[in-house]
Amino acid sequence: HGTLQAHFLTGPGQYWRDIHRLTEMENGQWRLVIRAENPTSPIVLTWDHTAFPANRSIELVDMEEAVVTDMLERENYIYPGSSKREFMIRIKPQGDK
């Protein structure tokens, strides 16, 4: 176990403000960087998928492995411990893949 930091690369507080401003037909995407100090085991990202709006497509993209996870269908993502990992969260109107 070690220290883990996660932050969005859009500025403090901007992520939540941006999501709430999206209309049903707008797309949004945010870069997320996870930094772990001395990772020795897999890192698990979790979220409450029931809190997301059902009329949107929400994906977590692992930029290193090019893995796309449907955040409405799954509630976690596990990857091997690494000191830095970058992700993209994409939100689109439902059906707009």
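Two strands are said to pair if DSSP finds at least two bridges between them. The views below come from a predicted model.

**View 1. Overall arrangement of the elements.** The protein contains 1 helix and 7 strands. Read from the N terminus, the order of these elements is β-α-β-β-β-β-β-β. Of the 97 residues in the protein, 31% are buried. The accessible surface amounts to about 6,300 Å², and carbon and sulfur atoms account for 51% of that area. When contacts between residues at least 6 apart in sequence are considered, 71% of them join residues at least 24 apart.

**View 2. Pairing of strand 3 with strand 6.** Strand 3, formed by residues 43–46, pairs with strand 6 in the antiparallel sense, over 4 bridges. Within this pairing, Val-44 stands opposite Ile-78, a residue of strand 6.

View 3. The model holds 3 aromatic pairs. In one of them, the ring centres of Tyr-77 and Phe-87 lie 5.9 Å apart and the ring planes meet at 85°, so this pair is edge-to-face. Because Tyr-77 belongs to strand 6 and Phe-87 to strand 7 (residues 84–93), the pair ties together parts that are 10 residues apart in sequence. Phe-87 is buried, with a relative accessible area of 0%. Together with Tyr-79, the residues Tyr-77 and Phe-87 form one aromatic cluster.

**View 4. Ala-66 in the loop between strand 4 and strand 5.** Most residues other than glycine have a negative phi. Ala-66, although not a glycine, has a positive phi of about 60°. Ala-66 is found in the loop that runs between strand 4 (56–62) and strand 5 (67–70). The residue Ala-66 is exposed, and its relative accessible area is 63%.

Methods:
Residues numbered from 1 in each chain as written. Predicted model: local features only at pLDDT ≥ 70, side-chain atom pairs only at ≥ 80, totals over all residues. Heavy atoms only, no water. Helix = DSSP H or I, 4+ residues; strand = E, 2+ residues; numbered from the N terminus. Buried < 20%, exposed > 50% of the residue type's maximum accessible area, 1.4 Å probe, protein only. Contact = heavy atoms within 4.5 Å. Areas by Shrake-Rupley, 256 points an atom, 1.4 Å probe, with all protein chains shown as cover. Phe/Tyr/Trp six-rings, centres within 6.5 Å; stacked < 30°, edge-to-face > 60°.
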